[in-house]
Amino acid sequence: MNPRLVVTGTRRAGAAGFTLIEVLVALTIVAVALIAGLRSTASLSRDAQRQADALLAHVCAENELIKMRLSRQMPGVGDHDVPCEQAGRSLTVKVAVRPTPNPNFRRVDAQVFDQQDPILRISTVVGQL
C-alpha cells in the first residue's frame, strides 16, 4: 500500500486542490505585485502633474521676461508680483530686478508660485539698447 494515499487510517483517492499555506503564499505574491503596480502608477501620475506644472510655470515666467525685453527700456530695480492665469490655474510670478556691476545691464529673476509653493525660477540679464 502506498503510504502517501493513507491519511490517518483512511484512504484518499489522491491529493486534490491546494493547501492553505500554498493559497496564502500565492495571495501574498499577488498582493505584493499589485502594491508595486499601484506605487508605480501613483509615481507616474505625480511626475505627469509636476511636468504639467513646470510647463505652465515656464510659460508664465517667459511671458514676463519677454514683456521686459519688448518694452525696450531698462527695468527699474525692485520686486513686483504679477498674476498669471494658465489652463484655469492661478499662478503668481515674482519678478526681482537687481543691478549688476555693469550699469548697462540688470539681472532679472522670475520665480513662479502656486499659492505659496515655488514651481520654477528663471534668470536672465536685460541690457540697455
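Two strands pair if DSSP finds at least two bridges between them.

First, the basis. This is a predicted model, where local features need pLDDT of at least 70 and side-chain atom pairs count only at pLDDT 80 or more, while totals for chains, interfaces and linings use all residues. Residues are numbered from 1 along each chain as its sequence is written, and side-chain values use heavy atoms, with hydrogens and water left out.

Now the layout. The protein has one helix and six strands, and from the N terminus their order is β-β-α-β-β-β-β. Of the 129 residues, 20% are buried. Buried here means under 20% relative accessible area, exposed means over 50%, and partly exposed is in between, with a 1.4 Å probe and protein chains only. The exposed surface comes to about 9600 Å², and carbon and sulfur atoms supply 60% of it. These areas come from the Shrake-Rupley method with a 1.4 Å probe, and for residues only the protein chains shown count as cover. A contact means heavy atoms within 4.5 Å. Among contacts with a separation of 6 or more, 37% join residues 24 or more positions apart.

Which order do the four strands of the open sheet take? The order is 3-4-5-6, with antiparallel pairing. From one strand to the next the twist averages 20°. For angles, axes are lines fitted to C-alpha atoms, for helices over the stretch in contact, and the values run from 0 to 180 degrees between N-to-C directions.

Strand 4, residues 89–99, pairs with strand 5 in the antiparallel sense over eight bridges. Within that pairing, Arg98 has Arg107 of strand 5 as its bridge partner. Helix 1 packs on the sheet and touches strand 3, strand 4, strand 5 and strand 6; the direction of the helix makes about 25° with that of strand 6.

Strand 5 and strand 6 are also an antiparallel pair, over ten bridges. There, the bridge partner of Arg106 is Val126 in strand 6. The hairpin of these strands has two residues between them, and Gln115 takes a positive phi near 60° in it. Gln115 is in the loop between strand 5 (105–114) and strand 6 (117–127). At 65% relative accessibility, Gln115 is exposed.

Arg72 is another non-glycine residue with a positive phi, about 55°. Arg72 sits in the loop between helix 1 (20–70) and strand 3 (78–86). With a relative accessible area of 63%, Arg72 is exposed.

Back to strand 6, which holds Thr124. Is Thr124 buried or exposed? Thr124 counts as buried, at 15% relative accessibility. Leaving out residues up to four places away in sequence, Thr124 touches Leu65, Arg69, Arg106, Arg107 and Val108. With Arg69 there is a side-chain to side-chain polar contact of 2.6 Å. A polar contact is a pair of N or O atoms within 3.5 Å; within protein, one must be able to donate a hydrogen and the other to accept it, and residues adjacent in sequence count only if both atoms are side-chain atoms.

Then the disulfide, defined as a pair of cysteine sulfur atoms within 2.5 Å. By this rule the count is one. Which residues form the disulfide? Cys60 and Cys84 do, with their sulfur atoms 2.0 Å apart. The link of Cys60 and Cys84 is left-handed, at -80° about the S-S bond. Cys60 is in helix 1 and Cys84 in strand 3, so the pair ties together parts 24 residues apart in sequence. Cys60 is buried at 1% relative accessibility, and Cys84 is buried at 11%.

One last item on helix 1. Leu55 lies in this helix and is exposed, with a relative accessible area of 57%. The C-alpha atoms of Leu55 and Ile119 are separated by 9.8 Å, although these residues are 64 apart along the chain.
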